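Open the model in your viewer and keep the selection tool handy.

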Amino acid sequence: MQGKIQGLSFTKRAIPIPADYRPLYKIAHILLILHLSSRSGKSSMMKLHFLCWAIKTKANTSIVNGWIGDKFSSHLHIWGIEPTVNRALTFATADDLIENIGADFVITFKGKELAKAILKDKELFVREKEFLSAIGKNTITESQITQLSNKFF
């Protein structure tokens, strides 16, 4: 029996993907950001990356809250850019949930309706909705994001 084991077989199974890496999960985050924390429902890609990073974990949210509490004077040590956000932006644009206008992404009517449905569900994205609602549309500006990104990238 060279190299053969009787009665043993392998079946290829799909690899489970963590929710944070699933495009629909990130699309929901992007729609919430555009709806709750972006002026005129419009944000740059860098701001979307920053806020997606901010809501990814409680620790990140706490770091950003500290940065806001210090009137943006404290140093934000690091934040990340994820390929899953770019992929979600591509899918959301293809599904007409957002539009890419120049350097900005703008939520569409269809995207607003989905964001409203997400907001109605009291068990879905509770921490994320609280944070994004609390910072609102004017707390973190595009110029602050540009200054931050210039420090890191």
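Start by selecting Trp79, which is buried at 4% relative accessibility (buried means under 20% relative accessible area, exposed over 50%, partly exposed in between, with a 1.4 Å probe and protein chains only). This is a predicted model, where local features need pLDDT of at least 70, side-chain atom pairs count only at pLDDT 80 or more, and totals for chains, interfaces and linings use all residues. Residues are numbered from 1 along each chain as its sequence is written, and side-chain values use heavy atoms, leaving out hydrogens and water.

Rings of Phe, Tyr and Trp (its six-membered ring) pair if their centres lie within 6.5 Å; planes under 30 degrees apart are stacked, over 60 edge-to-face and the rest tilted. Four aromatic pairs are counted by this rule. Phe50 and Trp79 make an edge-to-face pair, 5.1 Å centre to centre with 90 degrees between the planes. Phe50 belongs to helix H2 (residues 45-56) and Trp79 to the loop between helix H3 (58-69) and helix H4 (83-94), so the pair ties together parts 29 residues apart in sequence. Helices (H or I, at least four residues) and strands (E, at least two) are DSSP runs, numbered from the N terminus.

Next, show the strands. Three of them form an open sheet in the order S1-S3-S2, with antiparallel pairing (two strands pair if DSSP finds at least two bridges between them). Strands S1 (42-44) and S2 (98-101) stand at the edges, each with a single partner strand, so one side of each has no neighbour in the sheet.

Finally, zoom in on S2 and strand S3 (residues 104-107), which run antiparallel and are joined by four bridges. Select Ile101 to find Asp104 of S3 opposite.
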